[in-house]
Amino acid sequence: MKEKLLEFFHAKNYWPRSFEEIIFELRLEDQRHEVKKALKELTASYEIAVNKKGKYILPEDAGIHVGAISIKNSEYGFIGSAYFDRDFYVSKADFGGALDKDVVVFQIKHKLSPIRGMNREAKVLAVKSRNMKFVVGELEKKKNVFYIRLDRQDVDNVKIINPDDYQVGDIVKAEIVSYKPLEASIVERIGIKNDIGVDILTIAAEFDFSDRFPEEVVKELDGLPKDASAEAARRRRPSLETIITIDGADAKDLDDAVGIKKLANGNYLLGVYIADVSYYVREGSAIDLEARRRGTSVYLVNRVMPMLPPLLSNNLCSLNPQTDKLVIACEMEITGEGEVVNSDIFPSALTTKYRMTYDAVNEIIAGNPEQREKYRDLCDDIFLMLELKNVLNAMRERRGALDFDVDEGKVIVDNSGRPRDVVLVERGEGERIIEEFMLAANETVASTVYYLELPFIYRIHDEPDYGKMEAFRSLVNNLGYRSFKRRVNAKQLQQFLSTLRDEDSYLKVLLLRAMAKAVYSEKNNGHFGLGSRCYTHFTAPIRRYPDLLVHRLLRKYLFDQDINRDEWARLTEEISGIAEYASKREREAMECEYRVNDMKKAEYMANFLGERFEGIVSSVTRFGLFVMLPNTVEGFVHISNIKGYYQYDGNTMRLIGPGGNYHLGRKVTVEVVKADKKSREIDFKIVYNSNRVKGNGKRRRSKQKGRS
């Protein structure tokens with residue numbers, strides 16, 4: 001009944017109607033009770049509303065919307081909604097029991113004014129879904145009440161209802177069982193505050209990531225086939241003989257391998273071979289459900305929170321050398337213009353010849369005689385891979401793909417988990433070869449299924465928001481870049497990135513922030529950043545659940561020829577749910593990684609209190625400015641630590657005062673005045689006499705696998 005009513009309300013010609021009018025219009029006189037019950041449930045869930053005349057209307061017609069609340073101050077917060085270009089202010093009295101990052105139903109309190117966004121105030125009517133489902137922290141006790149103290153603006157303490165088997169000082173993870181009052185039940189003891197690595201595990205647990213697996217998953221591992229030789233014997237072998245993996249030196253989950261040769265017609269035959277995780281992880285199994293819940297592996301400094309147990313990720317599925325492994329092959333014939341003219345996707349088995357590292361490949365390309373001698377039977381293939389990489393990169397550049405190549409920092413820790421250095425991550429030719437090959441395979445797989453018009457999961461990236469890009473265009477025009485026109489497109493962004501001055505490289509980060517975020521979807525909307533009409537994630541099923549889903553769909557459609565039109569609607573709905581959840585977990589994994597890195601960077605900079613460094617202004621606010629050191633460590637200079645009175649110009653993002661302008665990209669010398677591991681904050685102050693600079697923040701580079 002509810003579905004029928006919602007269809008009626010959302011019809012284009014619907015206007016407000018009373019209960020009796022609805023009964024008459026839909027001819028439901030004999031179902032009055034069911035209609036009344038359904039209407040009551042729909043109004044209770046804010047899917048419809050009732051106006052002052054007692055007529056049923058759509059929620060937006062009553063100023064009722066859905067959005068996410070952000071509470072960064074105990075007295076107020078803001079609600080953002082996809083339907084509005086700016087956020088709504090919410091006072092503490094109007095929180096309605098919501099906590100930070102909850103999805104809420106809210107009502108606009110005043111009629112919106114088109115002038116400067118005035119009267120943009122709202123109140124929370126109901127909490128639609130909770131963001132905080134777990135709390136993590138140190139167990140404390142006061143007046144015989146056990147609790148976890150949280151460092152949040154929206155809530156202070158959470159009462160623990162099952163403290164019997166735990167002690168004060170334990171770091172625990174607890175599941176929220178009541179929000180009014182706020183109470184939780186401990187589900188896991190993580191460790192003690194000073195245990196090695198517990199700082200990282202604590203942050204991971206806050207996002208519901210862990211390196212431990214449930215008992216039912218561990219038990220299920222015993223039943224997995226440890227010997228796949230019989231299955232391997234049934235499978236078709238790759239067309240290429242020399243197949244290798246290329247990964248970081250410390251990588252253990254090797255899920256992709258590549259091979260190449262030049263064909264007689266001058267085209268390239270590229271083979272991309274991906275671990276067949278779907279053979280081992282059956283849909284609906286305990287391992288599968290846990291992998292779906294995790295969504296992704298998370299890489300945190302010196303440890304991994306894996307999506308799959310190590311028996312799978314590092315052993316059975318990992319394409320370790322000189323061992324026969326099951327894979328799904330994607331072999332592509334590619335022209336000298338980078339066009340894939342033929343492709344073949346099939347289940348296969350192979351033995352990789354070498355476990356190559358990025359360092360070794362880069363040294364071969366650079367001419368290192370020792371590496372060339374060590375891998376003399378592989379050098380021709382490496383240089384052919386480099387040749388094809390350049391072809392594919394030129395093709396993507398022609399169609400408008402963007403390459404930001406933003407500096408990333410990597411924290412190096414010792415055996416006790418203490419940071420001893422922060423270095424820049426370097427992407428050499430080896431990293432770029434694998435990146436281009438994975439992009440080609442992902443695109444080929446996506447296009448193959450797309451043109452069959454079957455339900456599928458895609459990786460999409462929308463065009464940039466006009467308002468954000470307009471603000472960015474205005475900023476860079478003020479800085480002297482004139483390549484932007486009123487309507488920004490990919491070619492303009494590409495041209496801008498290619499002409500960016502070295503001292504203005506921070507603008508890449510600002511541009512990235514202005515771009516839409518890539519997500520998973522059952523709809524193929526294309527990938528703006530890659531300049532691709534059709535894209536998916538196929539190449540990392542060990543560490544990304546959408547890739548595992550892609551493998552299952554390939555098996556269903558291409559290998560088993562299981563195409564049943566009657567199940568398409570159900571399958572599309574299921575894919576949509578997985579896509580939305582996987583996108584959410586990806587965002588949470590990224591935020592988790594950022595928090596851990598920020599914590600370790602702050603811990604590292606605590607060794608340099610009072611020391612001076614050279615950096616550049618990376619962001620400017622009315623309260624001060626952020627300064628980034630060459631190794632990507634970033635700290636805040638409060639406006640009180642800048643001599644003189646300064647005013648903020650939002651149009652040009654400058655602080656203007658007696659000492660000149662503090663603008664983006666300006667070189668400054670700073671002194672470290674605070675580095676707090678717990679709050680993950682680093683504070684600097686401006687140094688005006690920079691003759692005694694003790695350090696410049698420069699650190700050696702580290703090579704690391706990039707993400708596609």
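**Figure 1. The largest nonpolar core of this predicted model has 91 residues.** Leu312 and Phe437 are the residues with the most contacts inside this core. Starting from Leu312, and setting aside residues up to four places away in sequence, you can pick out its contacts with Leu221, Leu224, Tyr280, Val281, Ile287, Cys317 and Ser318. Another core lies apart from this one and has 49 residues, including Leu629, Val668, Val672 and Ile682. As a general background to such views, nonpolar side chains in soluble globular proteins tend to be buried together.

**Figure 2. Three strands, S28, S29 and S30, make up an open antiparallel sheet.** Their order in the sheet is S28-S29-S30. Strand S28 (647-649) and strand S30 (660-663) each have a single partner strand, so each stands at an edge with one side left without a neighbour in the sheet. From one strand to the next, the twist averages 25°. Between S28 and strand S29 (residues 654-657), which run antiparallel, there are 3 bridges. To find your way along this pair, look for Asp649, which stands opposite Arg654 in S29.

**Figure 3. Strands S14 and S15 form a hairpin with 5 residues between them.** Strand S14 (residues 256-262) and strand S15 (residues 268-275) are paired in the antiparallel sense over 7 bridges. Which residue of S15 is the bridge partner of Lys261? That partner is Leu269. In the turn, Gly266 has a positive phi of about 90°. S14 itself is mostly covered, with 5 of its 7 residues buried.

Figure 4. The model holds 3 cavities of 30 Å³ or more. Lining the second largest cavity are Lys173, Glu188, Ile190, Leu201, Ala204, Ala205, Phe209, Ser210, Asp211, Arg212 and Met305. Strand S12 (182-192) and helix H4 (198-206) are the elements that give two or more residues to this lining. H4 gives the most, with 3 residues.

**Figure 5. The second largest pocket has a volume of about 670 Å³.** How many residues line the second largest pocket, and which are the closest to its centre? There are 33 lining residues, and the closest to the centre are Arg399, Glu443, Ser447, Ser532 and Arg533. Two or more lining residues come from each of strand S19 (340-351), helix H12 (379-398) and helix H13 (429-450). H13 gives the most to the lining of this pocket, with 8 residues.

**Figure 6. Arg501 is found in the loop between helix H15 (490-498) and helix H16 (507-514).** Is Arg501 buried, partly exposed or exposed? Its relative accessible area is 35%, so Arg501 counts as partly exposed, a class that falls between under 20% for buried and over 50% for exposed. Leaving aside its neighbours within four places in sequence, Arg501 is in contact with Leu479 and Tyr481. For a sense of distance, the C-alpha atoms of Arg501 and Lys193 are separated by 46 Å. Along the chain, these two residues are 308 residues apart.

Notes: Residues numbered from 1 in each chain as written. Predicted model: local features only at pLDDT ≥ 70, side-chain atom pairs only at ≥ 80, totals over all residues. Heavy atoms only, no water. Core = buried A, V, L, I, M, F, W, Y, C linked by side-chain atoms within 4.5 Å. Buried < 20%, exposed > 50% of the residue type's maximum accessible area, 1.4 Å probe, protein only. Contact = heavy atoms within 4.5 Å. Pairing = 2+ DSSP bridges. Helix = DSSP H or I, 4+ residues; strand = E, 2+ residues; numbered from the N terminus. Axes fitted to C-alpha atoms, helices over the stretch in contact; angles between N-to-C directions. 1 Å grid on protein atoms, 1.4 Å probe; cavity = no way out; pocket = protein on both sides within 12 Å on 5 of 7 lines; lining within 4 Å. Points joined across faces, edges and corners; volume = space filled by probe spheres on them.
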